[in-house]
Amino acid sequence: MWRPVQRTGYGDINALLEDSLFFEGKAVWVVRLSDAYEHTGQFGRAIEVMKQWVTADNPNDANGFVRLSELYGKNKQYDEAITAAKRAIELNPDNDVAYNY
């Protein structure tokens with residue numbers, strides 16, 4: 001049986017979000033976890049969360065690729081950002097946001 005780890009304090013927000021992934025398993029938690037990592041300056045971890053989502057869990061999620069592209073760009077990984085944006089456009093050519101990255 002899954003049980004959340006008892007945590008205290010604001011510094012544990014990333015751990016709480018990680019725990020919620022196992023409980024919920026939904027896209028909203030993936031984005032929230034990547035947001036938490038991004039806002040704490042952990043771009044590498046944010047990228048890994050989104051990369052896992054779009055490669056293993058949901059390879060047809062155009063919005064996931066947009067988010068991944070955004071994170072790559074903020075981390076100055078421009079070639080990877082372009083590749084992710086192109087994939088988002090392939091999946092959904094009408095996604096105007098993908099063209100910004």
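Analyst: In this predicted model, the structure holds 7 salt bridges. One of them pairs Glu38 with Arg67, whose closest N and O atoms are 2.7 Å apart, and this pair links distant parts of the chain, since Glu38 belongs to helix H2 and Arg67 to helix H4, 29 residues apart. Glu38 has a relative accessibility of 11% and therefore counts as buried, the limit being under 20%; Arg67, at 8%, counts as buried too.

Two further salt bridges are each formed within a helix. In helix H3, Glu48 and Lys51 are 3 residues apart, about one turn of the helix, and their side chains meet at 3.2 Å, N to O. Glu48 is partly exposed, with a relative accessible area of 46%, and Lys51 is partly exposed at 30%. Lys51 is also among the residues in contact with Leu68, once the neighbours of Leu68 within four places in sequence are left aside, and Leu68 is one of the residues that touch the most other members of the largest nonpolar core.

In helix H5, Arg87 and Glu90 lie 3 residues apart, about one turn of the helix, with their side chains meeting in a salt bridge at 3.2 Å, N to O. Arg87 counts as partly exposed at 28% relative accessibility, whereas Glu90, with a relative accessible area of 57%, is exposed. Finally, salt bridges that share partners join Asp35, Glu38, Arg67, Glu70 and Lys74 into one network, so the buried residues Glu38 and Arg67 both belong to that network.

Key: Residues numbered from 1 in each chain as written. Predicted model: local features only at pLDDT ≥ 70, side-chain atom pairs only at ≥ 80, totals over all residues. Heavy atoms only, no water. Core = buried A, V, L, I, M, F, W, Y, C linked by side-chain atoms within 4.5 Å. Buried < 20%, exposed > 50% of the residue type's maximum accessible area, 1.4 Å probe, protein only. Contact = heavy atoms within 4.5 Å. Salt bridge = Lys/Arg side-chain N within 4 Å of Asp/Glu carboxyl O. Helix = DSSP H or I, 4+ residues; strand = E, 2+ residues; numbered from the N terminus.
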